[in-house]
Amino acid sequence: AEFDVLLKQVEMFGGVTGDELEAVRQTALQLGRDTKFSSQDAAGGMLDLLKSGQSLEEALATLPDVLDLAAVGEMSLAEAAGIATSGLAQFQLDADLSRTVVDALAQAANASRADVRGLGQGLANVGPIANNFGLDVQETAAILGVFANNNIMGAEAGTQLKSMLLNLSRPTEEVQQAYTELGVSFYDTEGNLRDFNTVMLELDSALDALPVEQQNELMQRLGGSYGIVGLSALRASNGIGDMLAEMESAPDAGL
């Protein structure tokens, strides 16, 4: 009965009828047989995806990835669907790239102290800003993983990264002078964003050559009074190169 109610809601909210509704039914039943989730869970996940604005075709393709994310993150399908669809929107990705978002979160969780739920909370606070600064979902998940290893977790990690990015790019005299003193630039000569990890490594190398007092002053000018915590974590972890390498060797979210 619960399954039939969910299918009726899929029909109402998704405008799905006839053969399409039958395809939803069969997909939900098959996923109920093949995964740890029930057919009702699968139908509910489909409903959440349709409510997020996905077409039936997109939702059918995304649903297995959402089930994988829910299993890895030990969360409900509704929560997993919200994280996956938000990740797609934040990084302006098409629905067929849901696996990219899911695997980035699963691999970052496997390679760090972070969990999938906390990474999702972090993305919610920084995703669009990270995308504006040229970071893709893998790089952003890697930074959040580095933060987690430095005890900066969940939503706070996203806020930390957002604050740090915004401060690093401030066009104020004190920030620009700090870059000049260090011989590092956040942008290239044409005004385009440089590779984020390269900038972090160059900043770390330039700061290491200075007395600690001067390092601390420049770090605060670049990262801001709040974002300096995240900037310090990245310096201590030698950027995100090691985390990205660990993520590549970590398991993805496939069940």
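**Reading the helices and the cavity of a predicted model**

Modeller: Read along the sequence, the protein chain follows the pattern α-α-α-α-α-α-α-α-α-α-α-α-α. This is a predicted model, in which local features need pLDDT of at least 70, side-chain atom pairs count only at pLDDT 80 or more, and totals for chains, interfaces and linings use all residues. Residues are numbered from 1 along each chain as its sequence is written, and side-chain values use heavy atoms, with hydrogens and water left out.

Colleague: How many helices and strands are there in the protein chain?

Modeller: Helices (H or I, at least four residues) and strands (E, at least two) are DSSP runs, numbered from the N terminus. The protein chain has 13 helices and zero strands. Along the principal axes, its C-alpha atoms fill a box of roughly 70 × 30 × 25 Å.

Colleague: At what angle do helix α1 and helix α2 pack?

Modeller: Axes are lines fitted to C-alpha atoms, for helices over the stretch in contact, and angles run from 0 to 180 degrees between N-to-C directions. Angles under 35 degrees count as roughly parallel, over 145 as roughly antiparallel, 65 to 115 as roughly perpendicular and the rest as oblique. Here, helix α1 (residues 2-14) packs with helix α2 (residues 18-34) at an angle of about 140°, and their axes are 10 Å apart. The two helices, α1 and α2, are therefore oblique to each other.

Colleague: Which residues of α1 and α2 make the contact?

Modeller: Contact means heavy atoms within 4.5 Å. On the α1 side there are F3, D4, L7, V10 and E11, and on the α2 side L21, V24, R25, A28 and L29. For classes, Ala, Val, Leu, Ile, Met, Phe, Trp, Tyr, Cys and Pro count as nonpolar, Asp, Glu, Lys and Arg as charged, and the others, Gly among them, as polar. The contact of α1 with α2 has seven nonpolar, no polar and three charged residues.

Colleague: Is the crossing of α4 and α5 left-handed or right-handed?

Modeller: A crossing is left-handed if the near helix is turned anticlockwise from the far one by less than a right angle, and right-handed if clockwise. α4 passes α5 in a right-handed crossing. Helix α4 (residues 56-73) and helix α5 (residues 77-90) have axes 8 Å apart, at an angle of about 115°, and α4 and α5 are therefore roughly perpendicular to each other. In this contact, V66, L67, L69 and A70 of α4 meet L77, A80, A81, I83 and A84 of α5. By class, these are nine nonpolar, no polar and no charged residues.

Colleague: How do the residues of the contact of α9 with α12 divide?

Modeller: Helix α9 (residues 154-168) packs with helix α12 (residues 212-236) at about 115°, with axes 8 Å apart. That makes α9 roughly perpendicular to α12, and α9 passes α12 in a left-handed crossing. The contact includes E156 and M164 of α9, and Y226 and G227 of α12. Its residues divide into eight nonpolar, eight polar and one charged.

Colleague: Which residues line the largest cavity?

Modeller: On a 1 Å grid over the protein atoms alone, a cavity is a set of points where a 1.4 Å probe fits but cannot get out, and lining residues have an atom within 4 Å of a point. Grid points are joined across faces, edges and corners, and a volume is the space filled by probe spheres set on the points. A search of the whole structure finds one cavity of 30 Å³ or more. The largest cavity holds about 40 Å³ of space, and its lining is F133, F186, L193, R194, D195, F196 and V199. That lining divides into five nonpolar, no polar and two charged residues.

Key: 1 Å grid on protein atoms, 1.4 Å probe; cavity = no way out; pocket = protein on both sides within 12 Å on 5 of 7 lines; lining within 4 Å.
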